[in-house]
Amino acid sequence: MVKFVATFFAIATAIIAARAETHTIHFDNRCGFGTPTLVQNGQILSTGGDYTSNGPLVDAIAYLQTGSCGINGEGCAIVEITLQNPTTPGNGSSAEISLIPPHAFNAPIGFGYYGGCDGAGADCTTSANCGTAFPTPITCQQNNANLTIIFC
């Protein structure tokens, strides 16, 4: 009976911990034009407002929709995003700016973590200083890390 209670408690604790995982993406559009857009699997999750995921947010992208971007950010600079609590070393959150075709520079873009790994991030202010942007994602190995994405 003690084993059953201990097992039940461990499972209940794991479920509560999993439900407690949250991540927020905050947009700061300083351009005076365009619409910040967050997309996951071809579905728009946000068009400028904060987006909070109650659990991991895996393989999402964000970009400034200027009228010429495709649904997956084609023709625009994107931030590729995975926000998740690390379950093993090296398996936490990551974000990177991509200009790899079909993506292209359309406005200055940057990001930074907050609520965990504060200050870690990257900026792409001109196409000249970014090339194809950053080949290595900026990672965060802290629980419930959030991301601010800044345009201009």
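Reader: Before we start, what counts as buried here?
Author: A residue is buried when its relative accessible area is under 20%. Please keep in mind that this is a predicted model. Phe111, at 4% relative accessibility, therefore counts as buried.

Reader: How many helices and strands does the protein have?
Author: There is one helix, and there are eleven strands. Read from the N terminus, the order of elements is α-β-β-β-β-β-β-β-β-β-β-β.

Reader: And how much of the protein is buried?
Author: Of the 152 residues, 38% are buried. The protein exposes about 7900 Å², and carbon and sulfur atoms supply 58% of that area.

Reader: What share of the contacts is between residues 24 or more positions apart?
Author: Such pairs account for 63% of the contacts with a separation of 6 or more.

Reader: How many bridges join strand 7 to strand 10?
Author: Three bridges join them, and strand 7 covers residues 93-98. Within this pairing, Ser94 is opposite Thr139 of strand 10.

Reader: What about the sheet of five strands: which order does it have?
Author: That open sheet runs 4-1-11-8-9, and its pairing is mixed. At its edges are strand 4 (51-53) and strand 9 (121-124); each has a single partner strand, so one side of each lacks a neighbour in the sheet. Here the twist averages 15° from one strand to the next.

Reader: Which way does strand 11 pair with strand 1, parallel or antiparallel?
Author: Strand 1 and strand 11 are parallel, with five bridges between them. Ile25 has Leu147 in strand 11 as its bridge partner.

Reader: And with strand 8, parallel or antiparallel?
Author: That pairing is antiparallel, with six bridges between strand 8 (residues 109-114) and strand 11 (residues 146-151). Tyr114 has Asn146 as its bridge partner in strand 11, and Gly112 stands opposite Thr148.

Reader: Why is strand 11 described as largely enclosed?
Author: Five of its six residues are buried, so strand 11 is largely enclosed by the rest of the structure.

Reader: Changing topic: how many aromatic pairs are there?
Author: The count comes to two aromatic pairs. In one of them, the ring centres of Phe27 and Phe151 are 6.2 Å apart and the planes are at 15°; the pair is stacked because planes under 30 degrees apart count as such. Phe27 belongs to strand 1 (residues 23-29) and Phe151 to strand 11, so the pair links distant parts of the chain, 124 residues apart.

Reader: What is the geometry of the pair formed by Phe111 and Tyr113?
Author: Phe111 and Tyr113 are edge-to-face, with 6.4 Å centre to centre and 90° between the planes. Tyr113 is buried at 4% relative accessibility, and Phe111 is buried at 4% as well.

Reader: Next, Thr37. Where is it, and is it buried or exposed?
Author: Thr37 is in strand 2 (residues 35-40). It is buried, at 4% relative accessibility.

Reader: What lies 3.0 Å from a polar atom of its side chain?
Author: The backbone oxygen of Thr35 does. Setting aside residues up to four places away in sequence, Thr37 touches Phe27, Ile44, Ser46, Ile61, Ala62, Tyr63 and Gln65.

Reader: Last one: which backbone atom does the side chain of Ser93 reach?
Author: The side chain of Ser93 reaches the backbone nitrogen of Gln84, at 3.0 Å. Ser93 is in strand 7 and is buried, with 1% relative accessibility.

Reader: Which residues does Ser93 contact beyond its neighbours within four places in sequence?
Author: Among them are Thr82, Leu83 and Gln84, together with Ile138, Thr139 and Cys140. Tyr113 is also in contact with Ser93; Tyr113 is the residue that forms the edge-to-face pair with Phe111.

Note on methods:
Residues numbered from 1 in each chain as written. Predicted model: local features only at pLDDT ≥ 70, side-chain atom pairs only at ≥ 80, totals over all residues. Heavy atoms only, no water. Pairing = 2+ DSSP bridges. Helix = DSSP H or I, 4+ residues; strand = E, 2+ residues; numbered from the N terminus. Axes fitted to C-alpha atoms, helices over the stretch in contact; angles between N-to-C directions. Buried < 20%, exposed > 50% of the residue type's maximum accessible area, 1.4 Å probe, protein only. Contact = heavy atoms within 4.5 Å. Areas by Shrake-Rupley, 256 points an atom, 1.4 Å probe, with all protein chains shown as cover. Phe/Tyr/Trp six-rings, centres within 6.5 Å; stacked < 30°, edge-to-face > 60°. Polar contact = N/O pair within 3.5 Å; in protein donor to acceptor, adjacent residues only side chain to side chain.
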